[in-house]
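Have a look at the picture below before reading on.

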Amino acid sequence: MESQQQTDEHYMRRALELAKKGEILGEVPVGAVIVKDDKIIGEGFNQPISSCDPTAHAEVVALRDAASRIENYRLTGCTLYVTIEPCTMCAGSLIHARIKRLVFGATEPKSGVVGSNDNALLLPHFNHNIEIVSDVLADECSSIMSNFFAARRAARKS
């Protein structure tokens, strides 16, 4: 039987694959997967640039995909795997969707709000709590972001 850590790493690897799809399109490489009962029910990668939609973060795209597939805006009992710590918009979306667990890879010191700059998911006035697991394949998740931005900086200098 697979341990929870092995399961989390398995789904985070899929989120990393999705992040790479976004990177190919010139998007910031973030990927997200939603799992219920050990089955992927939603996937997404960053696409605000290609879709001209400022809300098309990987998490929101995955939430929309999952909600559409199960025909319910409440995603109770689901785990969301995402390569980078969520921002304020995405954290709020997870609460509204009633996500059970959030598993993320690397911290996001500039705009992350699940530990780096705040902990938006633990504010006492919310009527829903989300279990948080961080640092799953953190080095891989961090390096895809670092490499992406290093390549962009190098391209601007040329």
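## Pockets, sheet and helices

In the largest pocket, α5 supplies the largest share of the lining, five residues. This is a predicted model, in which local features need pLDDT of at least 70 and side-chain atom pairs count only at pLDDT 80 or more, while totals for chains, interfaces and linings use all residues. Residues are numbered from 1 along each chain as its sequence is written, and side-chain values use heavy atoms, with hydrogens and water left out.

A pocket here is an open set of points on a 1 Å grid over the protein atoms alone, where a 1.4 Å probe fits, with protein on both sides within 12 Å along at least five of seven lines; lining residues have an atom within 4 Å of a point. Helices (H or I, at least four residues) and strands (E, at least two) are DSSP runs, numbered from the N terminus.

Both α2 (48-51) and α5 (138-157) give at least two residues to the lining of the largest pocket. Nearest the centre of this pocket lie V28, I84, E108, M145 and F149. For the second largest pocket, the lining residues closest to the centre are Q4, V35, T79, Y81 and R101. Here α1 (4-24), β1 (31-36) and β3 (79-84) each give two or more residues, and α1 gives the most, with three.

Volume is the space filled by probe spheres set on the points, with grid points joined across faces, edges and corners. Ala, Val, Leu, Ile, Met, Phe, Trp, Tyr, Cys and Pro count as nonpolar, Asp, Glu, Lys and Arg as charged, and the others, Gly among them, as polar.

| Pocket | Volume | Lining by class |
|---|---|---|
| Largest pocket | About 550 Å³ | 11 nonpolar, seven polar, six charged residues |
| Second largest pocket | About 200 Å³ | four nonpolar, four polar, five charged residues |

Now to the sheet. Five strands form an open sheet in the order β2-β1-β3-β4-β5, with mixed pairing; two strands pair if DSSP finds at least two bridges between them. Because β2 (39-45) and β5 (131-133) stand at the edges with a single partner strand each, one side of each has no neighbour in the sheet. β1 and β2 run antiparallel and are joined by six bridges. G31 stands opposite F45 in β2, and K36 stands opposite K39 in β2. The hairpin of these two strands has two residues between them, and D37 takes a positive phi near 50° there.

How do the helices sit? α1 and α5 pack with their axes 10 Å apart, at an angle of about 10°. Axes are lines fitted to C-alpha atoms, for helices over the stretch in contact, and angles run from 0 to 180 degrees between N-to-C directions. So α1 is roughly parallel to α5, a term for angles under 35 degrees. The contact (heavy atoms within 4.5 Å) is made by M12, R13, L16, A19, K20 and E23 of α1 together with E140, C141, I144 and F148 of α5. By class, this contact of α1 with α5 has six nonpolar, no polar and four charged residues.

Terms used
Angles under 35 degrees count as roughly parallel, over 145 as roughly antiparallel, 65 to 115 as roughly perpendicular and the rest as oblique.
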